[in-house]
Amino acid sequence: MDRVIGPYREWRASLRSGLQWLAKAGAAAGQGPDDTARAALAEALRYVEGTLLPASLAEEFTLFPAVDGVLGLTGSCGVLEQQHEAMRQMAGDLRQVAAAAEKDGDTLAYARYLQPLLFGLYGLARAHLDAEDAVFLPLLDEHLSESQVNVLVENSERVASAKAAG
């Protein structure tokens, strides 16, 4: 049971629920029909661009410094920052393949490229979120005050919204 971190956990809920779009798009890319695959891919891209990547950037400016502060270290989240970079690179690759599929009007023809990207991004993002939920959120729950968590949520929302807007 959370002591004070609940509002931050709630803010992250869309990250976890949106993972479904990556899995659905990966499955649809290989099965069709093509209009279903294109719609699923569009939803997955909206999630990645509008939620996952903006929240990742927000973590780098809010969550990771909070963890560093609690631990009295700098760079304690370096591995997770590298995971963010991998997600950004995979998202860029996904955008390129999705654009090519859209241009050719044939998502199914690109399934062999789309599926590894979509399922890989799903796996990486899920493992990343699971690690943060299991390690960082209990740590912060133990050491932060309610007001500090509220600032963490407000700043995370602000950074993610700015990134999502452009």
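This is a predicted model: local features need pLDDT of at least 70, side-chain atom pairs count only at pLDDT 80 or more; totals for chains, interfaces and linings use all residues.

1. Thr51 is found in helix α3. Leaving aside residues up to four places away in sequence, Thr51 touches Ser14, Leu15 and Arg46.

2. Ala58 belongs to helix α3. Its relative accessible area is 0%, so Ala58 is buried. Its contacts, not counting residues up to four places away in sequence, are with Trp11, Leu63, Ser156, Val159 and Ala160. Ala58 and Glu154 are 96 residues apart along the chain, and their C-alpha atoms are separated by 10 Å.

3. Which helix holds Leu140? Leu140 is found in α6. Leu140 is buried, because its relative accessible area is 0%. Residues that Leu140 touches, again not counting those up to four places away in sequence, are Ile5, Leu63, Ala66, Val67, Val70 and Leu152. From C-alpha to C-alpha, Leu140 is 10 Å from Tyr8, and these two are 132 residues apart in sequence.

4. The overall architecture can now be set out. The protein has seven helices and zero strands, which gives the pattern α-α-α-α-α-α-α along the sequence. Along the principal axes, the C-alpha atoms fill a box of roughly 50 × 30 × 25 Å. Of the 166 residues, 43% are buried. The protein exposes about 8,300 Å², and carbon and sulfur atoms supply 54% of that area. Among contacts between residues at least 6 apart in sequence, 80% join residues at least 24 apart.

5. Helix α2 covers residues 13–31. Its 19 residues should span 27 Å at 1.5 Å a residue, and its end C-alpha atoms are 29 Å apart, so the two values agree. The buried residues of α2 are Leu15, Gly18, Leu19, Leu22, Ala25, Gly26, Ala28 and Ala29. These buried residues pack against α3 and α6. After α2 comes Gly32, with a positive phi near 75 degrees.

6. How do α3 and α6 pack, and at what angle? Helix α3 spans residues 34–61 and helix α6 spans residues 111–143; they pack at an angle of about 35 degrees, with their axes 12 Å apart. α3 passes α6 in a left-handed crossing. From α3, the contact is made by Leu41, Ala44, Val48, Leu52 and Glu59. From α6, the contact is made by Leu114, Leu118, Leu121, Ala125, His128 and Glu132. The classes represented are eight nonpolar, one polar and two charged residues.

7. Helix α5 covers residues 78–104. It has 27 residues and reaches 39 Å from its first C-alpha to its last, close to the 39 Å expected at 1.5 Å a residue. Which residues of α5 are buried? They are Leu80, His84, Met87, Met90, Ala91, Gly92, Leu94, Val97, Ala98 and Ala101. The buried residues of α5 pack against α3, α4 (63–71) and α6. Just after α5, Gly105 takes a positive phi of about 65 degrees.

8. Some of these points may be read together. The buried residues of α2 pack against α3 and α6, and those of α5 also pack against α3 and α6, as well as against α4.

Conventions:
Residues are numbered from 1 along each chain as its sequence is written. Side-chain values use heavy atoms; hydrogens and water are left out. Axes are lines fitted to C-alpha atoms, for helices over the stretch in contact, and angles run from 0 to 180 degrees between N-to-C directions. Helices (H or I, at least four residues) and strands (E, at least two) are DSSP runs, numbered from the N terminus. A crossing is left-handed if the near helix is turned anticlockwise from the far one by less than a right angle, and right-handed if clockwise. Contact means heavy atoms within 4.5 Å. Ala, Val, Leu, Ile, Met, Phe, Trp, Tyr, Cys and Pro count as nonpolar, Asp, Glu, Lys and Arg as charged, and the others, Gly among them, as polar. Buried means under 20% relative accessible area, exposed over 50%, partly exposed in between (1.4 Å probe, protein chains only). Accessible areas come from the Shrake-Rupley method with a 1.4 Å probe; for residues, only the protein chains shown count as cover. The expected span of a helix is 1.5 Å times one less than its number of residues.
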